[in-house]
Every structure is written in C-alpha cells, then in structure tokens.
Amino acid sequence: MTLTSRVDGFSRSFFALIGFSPKQVAPEELQGTLFTDVQRRIGMYLRALWAQDFVMKPTSRAYENREGYKPYVEDSLIHLPDAYQDIGSVSGLDLYRAAAAHAAAHLVHTKTSFPVGKLDNWQIAVVSLIEDARVEALAMREFPGLKALWSAQHDADPGRKSCAADYLDRLARALLDEGYSDADPWISKGRALFSGMDTGSRQSSMEVGLQLAKSYRGPAYNVRTDLPGAPYRDDNRMLWEGAKYSFSNLSKKAKKQRLKKYASFFGMTNDVAIESEGKETRELSLIAAIFNFKLNVGAGSEIDTRDLISEPYHYPEWDCLKQIERESWVTLREKRPRPGNLALILEIIERRKRLIARMKYLLDAIQPEGVQRIRKLEDGDDIDINAVIRAHIDFRLGIQPDNRIMMSSVKKTRDISVLVLLDLSKSTTQRVPGQPHTILELTREACVLLADAIQKVGDPFAIHGFCSDSRHHVEYHRFKDFDQPYDDDAKARLAGMSGQLSTRMGAAIRHASHYLNQQKSAKKLLLVITDGEPSDVDVRERKYLHLDAKKSVEEAGRSGILTYCMSLDPGADQYVSRIFGQRNFMVVDHVERLPEKLPILYAGLTR
C-alpha cells in the first residue's frame with residue numbers, strides 16, 4: 001500500500017482494522033479465552049503475589065490443527081498460548097492463572113539450571129517433574145490458595161497405567177494433593193522421598209528424581225508421545241539449557257518494559273519483528289486484534305543412551321540475523337554406529353575390484369614414495385656434477401654462473417590425513433531417478449571404494465556421518481577413526497549406516513575439524529558428501545544455516561584444514577559456492593556415477 005497511490009478507501013480501512021468487518025476476521029480464527037483479553041489481569045495477579053513485574057508474551061497456534069503450544073519460560077520471559085479453551089469445569093482464565101503462576105514460581109525459586117551430562121530422556125523427565133513439585137510446594141507455602149487452582153487441573157487416577165506419561169501424571173498429582181490415594185509402589189516411594197527432601201535445595205530434586213527414575217518398572221518412556229497431562233505446566237526448557245535466571249535480571253527487564261501501549265495489528269507485527277532482531281524495547285505492546293504467527297519448534301528425538309559413546313559436545317553457531325556467535329548453542333552427541341551385513345561390503349569390493357586396483361595405481365603415480373633428489377641448492381648434502389659443469393661453461397663464456405651447485409637426497413612420503421564426512425539425513429533414503437539404488441546406497445559404495453584404495457596406499461583416514469533433529473540433538477556417527485584399522489568391523493559399521501532426520505552441517509564440520517586437528521599430518525583434508533543444503537526442523541530462515549556452515553568452513557581453514565564438498569544436489573550451485581568457496585566443490589549431476597567420481601576426486605585433491 002505504501003508503494004502505490006491507487007488504493008481505495010475500503011482497502012485502507014480494512015488493513016487499518018477500521019470498522020466491524022476486519023476486526024472480526026482475526027478473532028474468529030481462535031476460540032476460548034484469548035491472551036489479549038486477560039493479559040493485564042494476569043499481570044496484576046502475578047504482581048499481587050510476588051510484588052514483581054513478570055513479562056509475558058503470547059505463543060501462536062498452528063492454524064492447520066488448531067493446537068496451541070505449551071507454556072514455556074525463556075530469557076526471563078513467560079510465554080503463554082494465545083488462547084485457552086475451557087477444560088471441563090476449569091475456565092480458560094483459570095488455565096492462564098495456573099500456567100502463569102507456575103512459570104513465575106520457576107523464575108522465583110529455580111535459581112540455576114541442571115547439567116544434562118549423561119542423563120537420558122527418562123531421567124530428565126522425572127527430575128523435571130520433581131522440580132515442578134518443589135517450586136509449587138514453595139509457592140503454596142506462601143500462597144495456600146494456589147493449591148486449589150493447580151489441583152483442579154490434575155485428573156490422573158490409579159486406573160491409568162498404559163504408558164509412562166500416566167505414571168508421571170499420577171506422581172505429579174500425588175505430590176501436589178495429599179488427599180489423592182494411589183497404592184502403586186512407585187508412586188508411594190515418590191511421595192515418601194519427596195516428603196523427606198529439602199525443598200529449599202535444588203539439588204534435592206536431582207537426587208530424588210534420579211532415585212525414582214532408577215526404580216521405575218513401568219512401560220517404556222517415549223519423549224515424543226509421553227507428554228505431561230496437566231495443561232498449565234511448561235515444557236521445562238529453562239531447567240536444562242544452562243541459562244541463568246535471577247530476580248535482579250527479571251526486575252531490570254520488567255522496569256524497562258513497564259510503559260505499555262495498545263498497537264494495531266500491523267503495529268504489533270512490527271514490534272515482534274524488532275524484538276526478533278535482538279533490539280531492546282521500552283514498551284510492552286498489547287494488541288487490539290489477534291496476531292497469529294507460526295513457530296517451528298523441533299521435536300526432540302528419543303535418545304538411546306546405550307548408543308552414546310561420549311559426553312555431549314557443545315558448539316557455537318553463527319546467527320546471521322543478529323550478527324553474533326551464539327556460544328554453546330548446538331548440542332552434538334556421538335552415537336555408536338550399529339553394524340550391518342558385512343557381505344554387502346564384500347560384494348561391493350568384489351564387483352569393483354578392477355576400479356580399486358586402478359585407483360591404487362593412480363594414487364601411487366601422483367605422489368610416489370621413495371628417495372628423491374632435490375637439485376639446484378646452495379647448501380646440500382652432495383655436489384651436483386651436472387650443475388658444476390654448466391657453471392664452468394658459463395664462466396668460460398663470460399656469463400655469471402649459477403652458484404646453486406649442491407643437491408640433497410630426501411625420502412619422499414605421503415603426509416596427508418583425510419576425514420570423509422557423510423550427510424545421513426532422511427533425504428538420502430530416496431531412490432535415484434531411473435536407478436534401483438538409493439542415494440545412501442551409492443554413497444556407501446563410493447566410501448567403500450575410496451576407503452579400500454586409501455587403505456592400500458597407506459594414508460590415515462576416517463569416515464564419519466551426521467544428521468540432526470534441532471540444535472539440541474545433532475547425531476554424529478564414527479564408522480572408522482584414524483587409529484582404527486579398516487577391517488571387517490569397520491566395514492560392518494559402513495554396511496549399517498542409515499538415513500534419518502535433517503542436515504545441520506555447521507556443528508558437524510566443527511566436530512570433524514576437532515578430530516582432524518589432532519592429526520600431525522602436514523596436509524589435512526575434510527571431504528563432505530551431501531545430497532542437499534543445510535537445513536533443520538527448528539530453522540525457518542534458509543540462509544541461517546548456510547552462513548553458519550560457511551563460518552565453520554572458514555574456522556577449519558584457519559586451522560590448516562582444506563574443506564571440499566561433493567554435492568549430489570543438481571541445484572547446489574546456488575548455495576554450495578557461498579559455503580565452501582568457488583574452487584572447493586563439485587556438483588555430481590549423475591548420482592549413479594558417484595562411486596567412480598569420488599576416488600578420482602580424492603586423487604586430484606591429494607596430489
């Protein structure tokens with residue numbers, strides 16, 4: 001509208017939300033009690049309890065299925081759903097009061113976060129539940145009326161025992177309401193441990209939670225499906241992400257945002273856009289109409305701790321929107337690759353043995369080993385007779401002779417370490433058009449040919465792979481390490497590789513560089529094989545992960561590592577040159593030729 005002067009009066013009034021009709025469009029999208037209708041009331045409610053200002057923001061709903069997001073606390077802000085529907089006799093207003101009071105109790109009583117360490121998902125869920133009960137107990141000690149508000153939203157009963165979530169809900173109700181009767185031994189043990197713990201100590205929640213998690217004998221826990229039943233409780237992300245909360249920080253933020261104003265629909269849109277860029281605001285906008293936006297939150301994968309082989313690694317990530325590097329932003333976990341059918345690898349070696357032999361000959365010819373003479377030296381081990389004769393002839397002709405008449409004999413050896421990093425995302429399981437093979441199968445075959453050729457030449461090499469499911473869960477698989485022989489065990493691990501999840505490339509490149517930097521070779525090569533651009537479930541801005549991957553490549557280059565990408569995406573020219581550089585990538589248009597292309601590429605890069 002700002003770019004054209006030919007806009008009729010009706011359009012101007014509609015987009016300015018003037019009149020009855022446009023104001024009815026947005027509210028009809030939501031049902032129940034709206035956040036905008038009760039925001040001031042809930043803010044005054046929290047201030048009356050704790051004599052502090054708590055800053056609240058709405059979270060949007062998914063338009064397709066009308067499902068709202070759970071409450072959560074992040075950066076000292078309380079995020080509540082933009083609408084609550086009545087649940088039985090519990091009104092939407094009571095849901096807002098319960099959710100806001102519970103989140104505020106965390107901000108007041110949870111001073112520090114818990115270290116994740118080697119905890120699995122079940123242990124985290126139980127410890128989080130105990131911490132919820134602890135902060136609620138402390139809040140009810142000051143304000144006994146909160147018990148009735150929270151208890152009304154717990155409906156678990158002893159008959160529920162079909163999944164782990166049922167046991168968690170029963171335990172949550174038992175810890176909150178002493179009048180609730182449940183004879184289950186695990187519930188009884190939880191009550192006994194909780195009654196004897198020091199509610200003033202955060203560490204007590206960890207100790208009690210771990211004891212209960214260990215003694216549990218019910219149905220297996222699934223992080224995706226076993227969700228808490230109490231609708232007012234948040235997702236506890238503030239307990240585990242390492243952010244620190246304090247009353248001083250909260251009060252300082254609240255004081256900066258005490259000036260409140262009512263904004264139009266597009267005015268609120270602009271305010272949210274400004275906040276997303278990291279700029280501080282001294283005004284808290286209350287929207288006069290409903291504002292919907294979609295927020296993609298990556299669903300965490302259930303982590304099988306039996307497959308983890310190390311402590312989690314935390315890597316930074318470049319935020320191109322705010323132009324800052326977020327320290328310890330991505331969590332990477334190394335998982336033990338599961339072995340597959342060794343016969344699959346042996347069949348590839350037998351079928352391609354002529355190509356493997358040709359590759360070994362090619363690698364030897366490019367950089368042969370043995371003693372070599374280096375001539376034309378001013379200082380060396382021996383006199384170069386041919387150089388002396390040429391110098392004498394020049395002297396007799398009156399020409400200035402070349403004084404470089406020495407030579408040295410050196411032992412020439414290959415001095416290079418190579419790490420092949422494989423993209424193991426879900427897209428690699430797709431079949432190549434016109435071919436019976438998947439991209440992953442061709443990638444496996446190419447790795448087998450390259451590994452067999454490198455192993456015969458003697459270069460130290462490693463083969464790793466990665467995939468991701470949000471910044472909290474980047475999986476890293478080590479099929480073969482530098483210090484491991486390329487034997488049947490390594491080949492079986494290659495046979496068992498599978499494709500899943502997404503492609504958060506920056507963290508994987510940083511972790512691969514970590515292993516390459518431990519090698520003492522003069523030349524280090526990181527060869528990335530991928531079938532698409534960097535992407536993940538919790539990132540909407542396309543260039544965000546592109547530029548982070550570019551940063552990781554630059555970091556590797558500063559430590560002496562050459563990073564080269566072989567892309568199987570025909571449209572990769574649009575982004576791969578920006579990430580790896582104009583001369584450090586190859587786009588394989590015909591994926592079926594990958595097994596032939598990869599060894600030849602390696603020969604060219606290691607000459």
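Author: Happy to! In this predicted model, R170 has its place in helix α7, which covers residues 164-176. Is R170 buried or exposed? R170 has a relative accessible area of 2%, so it counts as buried; the cut-off for that word is under 20%. Along the sequence, R170 and D157 are 13 residues apart, and their C-alpha atoms are separated by 6.3 Å in space.

With a relative accessible area of 0%, A572 is buried. Its C-alpha atom is 9.8 Å from that of D589, a residue 17 positions away along the chain.

Let's turn to the aromatic side chains. A pair of aromatic rings is described by the distance of the centres and the angle of the planes. How many aromatic pairs does a search of the whole structure find? The search finds 13. One of them is formed by F35 and Y96, with 6.0 Å from centre to centre and 55 degrees between the planes, which makes the pair tilted. This pair links distant parts of the chain, since F35 belongs to helix α3 (residues 35-50) and Y96 to helix α4 (residues 92-109), 61 residues apart. Both F35 and Y96 are buried.

Y313 and Y315 give you another geometry to look at. Their ring centres are 6.4 Å apart and their planes are at 15 degrees, so this pair is stacked. The two partners fall into separate accessibility classes: Y313 has a relative accessible area of 23% and is therefore partly exposed, whereas Y315, at 12%, counts as buried. Beyond pairs, there is also an aromatic cluster made up of W122, Y167, W186, Y216 and Y221.

Charged contacts come next. Across the whole structure, a search finds 29 salt bridges. In one of them, R237 is joined to D235, with 2.8 Å between the closest N and O atoms. D235 counts as partly exposed because its relative accessibility is 33%.

A second salt bridge is formed by R478 and E334, whose closest N and O atoms are 2.6 Å apart. R478 is in strand β15 (residues 474-480) and E334 is in strand β9 (residues 324-335), so this bridge ties together parts that are 144 residues apart in sequence.

For a bridge inside one helix, please look at E554 and K550. Their closest N and O atoms are 2.5 Å apart. Because they are four residues apart in helix α18 (residues 542-558), E554 and K550 are separated by about one helical turn. E554 has a relative accessible area of 30%, so it is partly exposed; K550 is partly exposed too, with 27%. Salt bridges can also be followed through a network, in which E317, R504, D536 and D538 are linked.

D382 is part of strand β11 (residues 382-383), and its relative accessibility of 45% is why it counts as partly exposed.

Strand β11 also covers residue 383, and I383 brings us to a nonpolar surface patch. Its members are I383, I385, V388, I389, I393, L397 and I399, which together have about 640 Å² of accessible area. Helix α14 (residues 385-396) gives the most to this patch, with four residues. V388 lies in helix α14, and at 33% relative accessibility V388 counts as partly exposed.

Note on methods:
Residues are numbered from 1 along each chain as its sequence is written. This is a predicted model: local features need pLDDT of at least 70, side-chain atom pairs count only at pLDDT 80 or more; totals for chains, interfaces and linings use all residues. Side-chain values use heavy atoms; hydrogens and water are left out. Helices (H or I, at least four residues) and strands (E, at least two) are DSSP runs, numbered from the N terminus. Buried means under 20% relative accessible area, exposed over 50%, partly exposed in between (1.4 Å probe, protein chains only). Rings of Phe, Tyr and Trp (its six-membered ring) pair if their centres lie within 6.5 Å; planes under 30 degrees apart count as stacked, over 60 as edge-to-face and the rest as tilted. Patches are made of residues with over 30% relative accessible area and no salt bridge: like charges are joined within 9 Å, nonpolar side chains (Val, Leu, Ile, Met, Phe, Trp, Tyr) within 5 Å. Accessible areas come from the Shrake-Rupley method with a 1.4 Å probe; for residues, only the protein chains shown count as cover. A salt bridge is a side-chain nitrogen of Lys or Arg within 4 Å of a carboxyl oxygen of Asp or Glu.
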